[in-house]
Amino acid sequence: MNGKLTLPPYQTVALVLQGGGALGAYQAGVFQGLNEAGISPNWFTGISIGALNTAIIAGNPIEKRVERLHEFWDTICQPNVGVGISPFFESHDFGVADFVRNAMNAMSAGNTVLGGQMGFFCPRFPPPLWNRSGAPGTASYYSTHPLKETLERLCDFDRINSRELHVSVGAVNVRTGNFTYFDNSKTTLRAEHFMASGALPPAFPAIEIDGERYWDGGLVSNTPLSQVLESKPLKDTLAFQVDLWSARGTAPTNLEEVADREKDIRYSSRTRLVTEQLRHSQSLRRLVQNMLNDIPEKIRAKAPYYKTAQALACNKRYNVIHLIYQNKSYERHYKDFEFSPASMQEHWSSGLEDIRQTLAAPHYLNMPTNESGFVTHDVHNQSNDPT
């Protein structure tokens, strides 16, 4: 890929970031690739770790965003206690088998469980008792106070709330169980809104915002793609959907693989199913619009159904560029809380490579010209290209 790319006149260019803990460095790599290509989304939205990446990106000027992402990930990929394994020794395995790397990752994940991650979370001491009641903000294994300090240090929330960019993150209201979007077009966003989106229980506490408590949005939906594509008024949209869990995989052969596959399925949020449903809806909207265009003007004025049908009609176009993190052979069910610097760098490099490969086919960015006005592209699954 050489130089900057010129996009068609999309009204919305969105970066949509799924939840997935330590795998979120993949999203940072994708953003770096978009930045290199001169593609500047005007809507950033995420769930969980995707919400934290969203805060770092939207909370900084364009020339500082990649640098701040590096600072964020370099911070949270250090253990609270002791010194992490050098990325050089972890990534340069000198020809040893995958099981050695798997063992090193397991050790790193164990350190996370025992000691937490710098600038992110730390264990409660003394640890909470299973059936002992206390304040809702302490009903968790870890405290996320360090994350609040990190976000406030690395993000300019005045910039986020200036509405220069559209920013939204998803969380779940603990009391009602309802999914909630915190959107800077309606709400003044603070560090707590982004923390709430990533407050996965029972590890992390519910975050209080305006008298209500909120948990991780991934409990209900791990991707905000529908919010972007169905937001009113409808607009010509290019969405970069960056997933950290693959819904597709092979049948597991042991219990460790079962745990890994189960987590992939649970958090993948069926992005391809969502895009197919949205494609079908948009196809019907365009069909209604085309039918209305054929109705003579004198009939339109008299037909009582016309205004109702016009409200349903839409000829907007949608292009979803779908990027999905591909598991490494040695990764297991703890990959989302395995924060070693070497794994972070690998995830980041994978995202950068995938978006560069995607943008090497610039026709992927074209406005849809098919009947439905809706296309998807996935560099890892070419059979899922436009239909």
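What share of the 387 residues in the protein chain is buried? Buried residues make up 52% of them. The model is predicted, and every value below is computed from it.

## Overall build

The protein chain holds 14 helices and eleven strands. Its C-alpha trace spans about 80 × 50 × 45 Å along the principal axes. A compact globule of 387 residues would have a radius of gyration near 21 Å, and the protein chain has 22 Å, so the two agree.

## Helix packing

Two packed helices are described by the angle between their axes and the distance between the axes.

| Helix pair | Angle between axes | Axis distance |
|---|---|---|
| Helix 3 (residues 65-76) and helix 6 (residues 145-154) | roughly 160 degrees | within 11 Å |
| Helix 11 (residues 271-293) and helix 13 (residues 305-312) | about 140 degrees | 8 Å |
| Helix 2 (residues 49-58) and helix 6 | about 25 degrees | 9 Å |

Start with helix 2 and helix 6. Their angle is about 25 degrees. That makes helix 2 roughly parallel to helix 6, because angles under 35 degrees count as such. Helix 2 brings Leu52, Ala55 and Ile56 to the contact. Helix 6 answers with Leu147, Leu151 and Leu154. By class, this contact has six nonpolar residues, no polar ones and no charged ones.

Helix 6 also packs against helix 3, with the axes crossing at roughly 160 degrees. Angles over 145 degrees count as roughly antiparallel, and helix 3 and helix 6 are therefore roughly antiparallel to each other. The crossing of helix 3 past helix 6 is right-handed. On the helix 3 side, the contact is made by Arg68, Glu71, Phe72 and Thr75. On the helix 6 side, Leu147, Thr150, Arg153 and Leu154 take part. By class, the contact of helix 3 with helix 6 has three nonpolar, two polar and three charged residues.

Which residues of helix 6 meet helix 2, and which make the contact with helix 3? Leu147 and Leu154 are among those that meet helix 2. Leu147 and Leu154 are also among those in the contact with helix 3. Leu151 is one of the residues listed for the helix 2 contact, while Thr150 and Arg153 are among those listed for the helix 3 contact.

Now helix 11 and helix 13. Their axes are 8 Å apart, at an angle of about 140 degrees. Helix 11 and helix 13 are therefore oblique to each other. Helix 11 passes helix 13 in a left-handed crossing. Arg285, Val288, Gln289 and Leu292 form the helix 11 side of the contact. Tyr306, Ala309, Gln310 and Leu312 form the helix 13 side. By class, there are five nonpolar, two polar and one charged residues.

## Backbone details

Most residues other than glycine have a negative phi, and most peptide bonds are trans.

Pro126 sits in the loop between strand 3 (122-123) and strand 4 (142-143). Pro233 belongs to the loop between helix 9 (225-229) and strand 9 (237-243).

Arg163 lies in the loop between helix 7 (157-160) and strand 5 (166-173). Is Arg163 buried or exposed? Its relative accessible area is 54%, over the 50% cut-off, so Arg163 is exposed.

Asp210 counts as exposed because its relative accessibility is 69%.

## A residue in helix 10

Val258 is found in helix 10 (residues 255-268). At 38% relative accessibility, Val258 counts as partly exposed, because the value falls between 20% and 50%. Val258 and Gly29 are 229 residues apart in sequence. In space, Val258 and Gly29 are 28 Å apart, C-alpha to C-alpha.

Note on methods. Residues are numbered from 1 along each chain as its sequence is written. This is a predicted model: local features need pLDDT of at least 70, side-chain atom pairs count only at pLDDT 80 or more; totals for chains, interfaces and linings use all residues. Side-chain values use heavy atoms; hydrogens and water are left out. Axes are lines fitted to C-alpha atoms, for helices over the stretch in contact, and angles run from 0 to 180 degrees between N-to-C directions. Helices (H or I, at least four residues) and strands (E, at least two) are DSSP runs, numbered from the N terminus. Angles under 35 degrees count as roughly parallel, over 145 as roughly antiparallel, 65 to 115 as roughly perpendicular and the rest as oblique. A crossing is left-handed if the near helix is turned anticlockwise from the far one by less than a right angle, and right-handed if clockwise. Contact means heavy atoms within 4.5 Å. Ala, Val, Leu, Ile, Met, Phe, Trp, Tyr, Cys and Pro count as nonpolar, Asp, Glu, Lys and Arg as charged, and the others, Gly among them, as polar. The radius of gyration is taken over C-alpha atoms; the globule rule is 2.2 Å times the number of residues to the power 0.38. Buried means under 20% relative accessible area, exposed over 50%, partly exposed in between (1.4 Å probe, protein chains only).
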